[in-house]
Each structure stands twice: as C-alpha cells, then as structure tokens.
Amino acid sequence: MAGQSRKWMILVATIWIQAFTGTNFDFSAYSSEMKKVLGISQMQLNYLAVASDMGKFFGWSSGLALMYFPLWLVLLMAAFIGLFGYGVQWLVIRNAISLPYMMVFFLCLLAGCSICWFNTVGFVLCIKNFPANRALALSLTVSYNGVSAALYTLAGDAINASSSSLYLLLNSLVPLIVSIAALIPILRQPSVDPLSPEAVRSDSILFLLLNVLAVLTGVYLLIFGSNTSDSTTARLLLAGAIFLLVFPLCVPGVVYARHWFHHTVHSSFHLRGSGFILVDDDDLELHKRLVSREASFNDRNGSLSDDGSEYKLGSQKCIDEDSTRCCKKMIEKDQLVILGEEHPAKVLVGRLDFWLYYIAYFCGGTIGLVYSNNLGQIAQSLGESSNTTLLLTLYSSFSFFGRLLSAAPDYVRAKMYFARTGWLTIALLPTPVAFFLLAGLGNSVALHVGTALIGLSSGFIFAAAVSVTSELFGPNSVGVNHNILITNIPIGSMVYGFVAAIVYDGNAGRGLKLKFADSVVCMGRQCYFLTFVWWGCLSILGLVSSLVLFLRTKHVYNAFERNRALVEASMR
C-alpha cells in the first residue's frame, strides 16, 4: 500500500517539474529587452528563438543519457544545463558580461535542450509508474507545462514587476530548486506491481479529481496571473498558486483512505467499463489478435462510407465522377489496417498518414509556438507593450486548458466515441480563425481573443500528439517516432519566424518607427499584417491535412471500438 501512495507522490513531483520547466514560453517577456541590449535586428532575435526550439533536435541525447545514468542524475544534469544556459544570458542582459551574438545563440540552444531533458524525465516517470493509466498521467503532467509562463509572470510581479531580465534569472534557478525537491520521491520509487482491474478504475477516478484541480489552478492563474496592483498582492497570489500545486500531495492520503474504506466498510461500489482510457495498450494487443483472425478486411472496406455502398453518381458530369474517384483513391490508398501497429522509423517516413500528421502539426501547433515567441514584438507594434505580461499569461493559461482538453476523448468515450484524429481536426479550427481575426481587426480586443484561441489550439495539439503517435504508429516505437515528428518544431520556428522577421523589418522603414541602440522597432498594424495572413493560410492547410488524416484513419478507430465493445459484452 505504501508503494501505491509513493507513486502518486512521484506524479505530483512530475507535475512540479513540468509546471516550472516550460521556460521557453516566457521568451516574449524579455525578448524586447534582449533585442535592445544586444542591438540586433528582428531577424537576429528570431534566430535566438529558433535556437531555443532547435534544442529539440538534440532531444535524443536525453534518452542516450538514461541508458548510462540513473534518472535522478539525468534530472539534475538537465537542471544544471538550464542553469548555465539561462544564467549566462541573464548576466548578458544585465550588462555584467559581454558576449558575441553566436555565443548567445549557443546559450539559447543549451536552454532549449534542457527543456527536452526535463520532458523526457517526466515521460519516463509517468510511463514507469502508471503503465495502466499512462495516457491519463501523460496528459495531466504535460498540461502543467502550459502554465509555466503564467507562474513565472506571477513570480516576476511578486519580486520586481519592472524588470524583464528577472525572467532569465528565474528560468535558471527555479527548475534547479524544483528538481532538488523532486529528488525525494524519485529516489524512493516503489516497485511497479500489476494492478487489478478494480484498482485501475479507481486510479482513473483519482486522475479525474486531479484534472478538476488542474482546471481550478488554470482558472486561478488566468484571473490573477498578471496585472497585480502591487508586489504585496502579487506575493499573496503567488502563495495561492504554490498552494494549488502542493495540494495534490493530499492524493496519497486519499489512497490510504480508499484502501481503509474498501477493506473496513466493504463497499459495494463498482465501476463498469474499462476506465477512461480511449485506447489502452492491453486493448490494443487484444484488438490485434482479433483482427489477425479475420480472413479479410471487409469490415474495414465497408466503413469507408456510412451506408456501405459504392458511390453512385447517376447523371452527374464526367468531370465530377473523376474528381470523386480521385478523392476516394486518396482516402483509401495505403490505409492503416490496424490501430497500434508498430512502425519502425524507415516504415514510418514512407507512410502517407505520417506526412499528413506531420503537416497538420507543422501548420498547427508549431505556428502557435512561433506566435508566442513573437508575442512581445506583436504587442509592442500594436501599442500594447504594457499588456505583454497579461498576453503571456493569457496564452499560457489557455494553452494549459487546451492540454487538459486533450484528455476529453478518454473521459467521454463511453457516451460519445470519436477518433482521436477527429478531435485533432477540431482542435485546429481556432487557429486560422484567430489569425484572420488579428489580420482583419488588429486591435486590442482581437489581440486578446486571438492569443487565447491560439493558445487553446496549440496546447491541445502538443498534449494529444504523444497519444496520436502511439495509437497510429505503435506504442513501443513512440519514443523514436515522436522525436521524428517534433523535428517540425525547429524547422517551423525558423521558417515562420523568418517570414515574420522579413515582414517586420520591411515595415520598420515605413511609417512610425523607434530606434533603440542599433535596433529598430516597427509600430503599427502593418508590422504583422501580412504575417498573420500567411500564417492563417498555412493553418488552413494544416486543418485540411488533419481532416484527410481523420478520414483515412477513422475506420481503424471504429473497428477497434467495435472489437472492444464485443469483448466487454462477452465478459458480462
């Protein structure tokens, strides 16, 4: 029983790690100051943001480190990498030392790499300690990564609201302090014993309670996360946020109370079904065995249309018939036969489904991340510099809510089953709406609404991506395959940031402009108008790609759910 409670302490420690290590999300809080101190152009500032994202190219190094070092040591290594990367940047922005631009670029790269190492540690802790509820553990902990910017904004207001360089100091020290605190439960990890079905279902209830608490945390940070009247109020609000992060430590007590209740009161309470997991690894294995026994895939072929019949075009024109056949051929070509089939890297890159997924992520979640990197300059160009921290908190909070919503398919499966790729398509809808709203209006209201929509959409995609990769291309290959998928982030950061910087610098020579040191600041709607239009068009491409992916994969999700329903019915 003590082992069961300790695993929940590890989950809380993982929440702390994720909540304080999303340090790349507060880049816009100090980017303008960095630009002024270094005397660089918008293009060069964009390259620093790209360098941070390029750290994901070296995410594989954390897995390599885990092969030779214990997990706690890898955690501390990540903390010290971040301490060096952000700490030296803080010395630069405070004019304590002077470094060439390329050295600052390298420091940003190191800082981004540390984030990947932290994420890897979090993933391993969840997978190792919650094998039966892995999807729920990952979704919950990854969600807290989205509130990092809001937490750091609140901490900055509590210490010195006028100092933007303070964020770099916090980025360097706080993850180290949290990592040392997290060592206590990590070093006392329990042995993982198989759980009974009843225990798995009961754990799912605890995850539901933790998600409710997470929503309350997000609402708290959204309401009180910025624009505090004075430092005293900010310190009280920061204490409240810390309390909400510490409160989940009550879960081990709940575990003990539940154990006493079941063994002393002999409750007859019973949960039916298989918990809240949309796609469980054990169910995947059973599904594979059921499908392998079928002589043909008639069921799959029949699910491509709702009525199971062939297309009948009657007297339509020949060109319409050819178009319909072409679309049908695209949907049916090289479809997945079974959900959860393992795809080695060589097979993965040869699948059309993977590249549809890659484009959807590249033109969806990645654009949202680049938008957050440019949020400081966007706010400045629209005369909203004083609201930069508010916008940062808004993006962070709604990104957090989006990450929490990524668990919705698991919780509503019993009442409304829908393929996770379909949820991904729905999640992409707010992004083009937000960008065209920003391009069309370009005022304060559009900026706030657009930031919230983009944060909500990108947060969902970031959190859901691990589960989608696991379900489509195999749970055992998810480590390698997901690292291949997220190579789109540094590529997108460079491409989208390059476009934004060209438009920004091009418009800096027109109309109103300000000059600080050797850097020029563009003012006015035109600074990002074309950028928003381009990003909006590209996000529509991502939406279309995601829709095609859903149409190509919905049959395997439907077949999986039918097989699971048959098994559950036979066990009653």
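# Getting to know this predicted model

Q: Is Arg420 buried or exposed?
A: Arg420 has a relative accessible area of 3%. The model is a predicted one, and a residue in it counts as buried under 20%. Because 3% falls below that cut-off, Arg420 is buried.

Q: Which residue forms a salt bridge with Arg420, and which helix does that residue lie in?
A: The partner of Arg420 is Glu471, with their closest N and O atoms 2.8 Å apart. The pair ties together parts that are 51 residues apart in sequence, because Arg420 lies in helix α22 (residues 420-428) and Glu471 in helix α24. At 4% relative accessibility, Glu471 is buried. So the residue and helix to look for are Glu471 and α24.

Q: What relative accessibility do Asp353 and Arg552 have?
A: Asp353 counts as buried, and Arg552 is buried too. For Asp353 the relative accessibility is 0%, and for Arg552 the value is also 0%.

Q: Are Lys36 and Glu33 buried or partly exposed, and about how many helical turns separate them?
A: The side chains of Lys36 and Glu33 meet in a salt bridge at 3.8 Å, N to O. Lys36 has a relative accessible area of 36%, so Lys36 is partly exposed, and Glu33 at 25% is partly exposed as well. Because they are three residues apart in helix α2 (residues 27-38), the separation is about one helical turn.

Q: How many salt bridges does a search of the whole structure find?
A: Side chains of opposite charge can pair when their charged atoms come close. Here, a search of the whole structure gives a total of four.

Q: How are helices α7 and α20 oriented: roughly parallel or roughly antiparallel?
A: Helix α7 (residues 134-144) and helix α20 (residues 388-405) have axes 8 Å apart and pack at about 175 degrees. Angles over 145 degrees count as roughly antiparallel. That makes the orientation of α7 to α20 roughly antiparallel.

Q: Which helix supplies the largest share of the nonpolar surface patch?
A: The patch has about 1,000 Å² of accessible area together, and its members include Phe57, Trp60, Met67 and Ile491. Both α4 (60-68) and α26 (488-508) supply at least two of its residues. With four residues, the largest share comes from α4.

Q: Where is Asn95, and what is its phi?
A: Most residues other than glycine have a negative phi. Asn95 lies in the loop between α5 (71-93) and α6 (101-129), and it counts as exposed at 59% relative accessibility. Although Asn95 is not a glycine, its phi is positive, at about 65 degrees.

Q: How far apart in space are Leu472 and Tyr557?
A: Leu472 is in helix α24 (residues 444-473) and is buried, with a relative accessible area of 0%. Tyr557 is one of the residues Leu472 touches. The two are 85 residues apart in sequence, yet from C-alpha to C-alpha the distance is 9.5 Å.

Conventions
Residues numbered from 1 in each chain as written. Predicted model: local features only at pLDDT ≥ 70, side-chain atom pairs only at ≥ 80, totals over all residues. Heavy atoms only, no water. Patch = residues over 30% accessible without salt bridge, like charges linked within 9 Å, V, L, I, M, F, W, Y side chains within 5 Å. Areas by Shrake-Rupley, 256 points an atom, 1.4 Å probe, with all protein chains shown as cover. Axes fitted to C-alpha atoms, helices over the stretch in contact; angles between N-to-C directions. Parallel < 35°, antiparallel > 145°, perpendicular 65-115°, else oblique. Buried < 20%, exposed > 50% of the residue type's maximum accessible area, 1.4 Å probe, protein only. Contact = heavy atoms within 4.5 Å. Lists of a residue's contacts leave out its neighbours within four places in sequence.
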